[in-house]
Every structure is written in C-alpha cells, then in structure tokens.
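Work through the exercises below with the sequence and the 3D structure in view. Each task is followed by a solution in steps.

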Amino acid sequence: MALRPIKNEADLLALVATGSQRAFTELFDAYYKQIGEYVYKLTESIEVTEEVVQDVFIKIWLRKETLPELDNFCYYLFILSKNHALNQLRKKANDTARQMEWLTQFEEDTYTADNSSLAEEYRILIDDAVEKLPPQQKKIYKLSREQHLKHEEIANLLNISPKTVKKHVALALRFIKNELSPQNDIVIVAILSAPLFFL
C-alpha cells in the first residue's frame, strides 16, 4: 500500500519538530484515515486498528524532533504502522494461546493486562475522566468513542438532534482534556480521546 503524501509535508514536519500542535493535528488528519484503512485490512478489528493508529501517532509525537531527518515520511509511517499491527496480532495470538494453555491445565486465570505502555496509562486516565462526565454526556461520548457511532446515528438512537450530539461530544472532549492536561501531554490526550472512523 502506498500512502498519498500531502503537498506541504516537509513544512509540517519541520513545524511539528518544534512542538507545533496545530501542525501535528494537520499531519494527523491527513494520514490517520489512510493508515487506519491499511491496518484494518491486516487486523480485521476496529478496536485493534484504533489502538495501533493511536500508538503510531503517539510515537511520532514523542519523537517529533527527529522528523525533519526522515528522507521519506510516508514510507516511515507505513513501516511503523505495519510493524506495530503485526506486533499487536502476534501479542493477541500469544495471549490467546497462553489463556488456552491455562484453561486446559485448570489453573486460575491470572493474566493481567500490560499497562506499562504510555498509551495504556493515558487510556486509563481518560476512562477515569469519562466516568466524571454528566450522565448524558457520558452516554453520548461512549456511543461515539466505544461503539463508533456517528453523530447522526447517536441522534436517531437518543431522539435528539445531531447538533446536540456534536455539542455534547465537544463538551465531553473539552472536559477530558482539561481534566488531564495540567499534568499530561495534551496532544496525546487529544489523539486518544478523539473518535476515529476508518470505514
């Protein structure tokens, strides 16, 4: 799969390297759907795809200073996404095999999720923030973020207007970002809290 590079890519990478959140958002918006479609073909899982794409862009943000040194950002992004997707598939296969082994040996399942990654730590913080949302905002946010429903679908389901849904999602995202931003990287929070639609 060949990614479609954007015209001002070199300029954006230079700005991202200086810490520009606006430039990073533009870069993210330009590539996340392309990467998502490719990763979904490999994983056939929306949840895994979302996790892979988020982790890839978090890694890019955390290594932003090195971006201008890349000869071919599209190729780098493609390889990073492919490798991360294959690693996730391998991990899930290993986890499944291990769980089956435990079951056949009649041992208690003592598997605990690996929460050591930065992205996973942020996901836990975001989940905690979501639990503090007002009931209607929380319901709408979860329908958008966890069930991957679009604003129109949520509006029909809850018998409210798409504009109301959009407002609730925006308020929820603002609350989550404000809740986490004083002690955390706001770009990573934004990546993890934004609903991603690939299909």
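Predicted model: local features only at pLDDT ≥ 70, side-chain atom pairs only at ≥ 80, totals over all residues.

**Exercise 1.** Is Glu37 buried, partly exposed or exposed?

*Solution.* Step 1: recall the cut-offs, which are under 20% relative accessible area for buried, over 50% for exposed, and partly exposed in between, with a 1.4 Å probe and protein chains only. Step 2: apply them; Glu37 counts as partly exposed because its relative accessibility is 30%.

Residues are numbered from 1 along each chain as its sequence is written, and side-chain values use heavy atoms, with hydrogens and water left out.

**Exercise 2.** What joins the side chains of Glu37 and Lys33, and where do these residues lie?

*Solution.* Step 1: a salt bridge is a side-chain nitrogen of Lys or Arg within 4 Å of a carboxyl oxygen of Asp or Glu. Step 2: the Glu37 and Lys33 side chains form such a bridge, with 2.9 Å from N to O. Step 3: both residues belong to helix α2 (residues 21-43), four residues apart, or about one turn of the helix. Helices here are DSSP runs of H or I with at least four residues, strands are runs of E with at least two, and both are numbered from the N terminus.

**Exercise 3.** Which residues are joined with Glu131 into one network of salt bridges?

*Solution.* Step 1: Glu131 forms a salt bridge with Lys138, their closest N and O atoms being 3.2 Å apart. Step 2: Glu131 also meets Lys142 in a salt bridge, at 3.1 Å from N to O. Step 3: Lys142 sits in helix α6 (residues 135-145) and Glu131 in helix α5 (residues 118-131), so this pair ties together parts 11 residues apart in sequence. Step 4: through shared partners, Glu131, Lys138 and Lys142 form one network. Step 5: check the accessibility; Glu131 is partly exposed at 45%, Lys138 is partly exposed at 21%, and Lys142 is partly exposed at 27%.

**Exercise 4.** How do the axes of α6 and helix α8 cross?

*Solution.* Step 1: two packed helices are described by the angle between their axes and the distance between the axes. Step 2: axes are lines fitted to C-alpha atoms, for helices over the stretch in contact, and angles run from 0 to 180 degrees between N-to-C directions. Step 3: the axes of α6 and α8 (residues 162-180) come within 9 Å and cross at roughly 95°. Step 4: that makes α6 roughly perpendicular to α8, given that angles under 35 degrees count as roughly parallel, over 145 as roughly antiparallel, 65 to 115 as roughly perpendicular and the rest as oblique. Step 5: look at the contact (heavy atoms within 4.5 Å); among the residues that meet are Ile140 and Tyr141 in α6, and Val169 and Leu173 in α8.

**Exercise 5.** Which residues have the most contacts inside the largest nonpolar core?

*Solution.* Step 1: a nonpolar core is a set of buried Ala, Val, Leu, Ile, Met, Phe, Trp, Tyr and Cys residues joined through side-chain atoms within 4.5 Å. Step 2: the largest one has 33 residues, and Phe24, Phe57, Ile60, Phe73 and Leu77 have the most contacts inside it. Step 3: its largest share, nine residues, comes from α2. Step 4: leaving aside neighbours within four places in sequence, Phe24 is in contact with Val16, Phe57, Ile60, Trp61, Val187 and Ile191. Step 5: a second, separate core of 16 residues includes Ile126, Tyr141, Val165 and Leu180.

**Exercise 6.** Is Ser81 buried or exposed, and what is Ser81 in contact with?

*Solution.* Step 1: Ser81 lies in helix α4. Step 2: Ser81 counts as buried because its relative accessibility is 0%. Step 3: apart from neighbours within four places in sequence, Ser81 is in contact with Ile35, Val39, Val52 and Val56. Step 4: for the whole protein of 199 residues, 39% count as buried.
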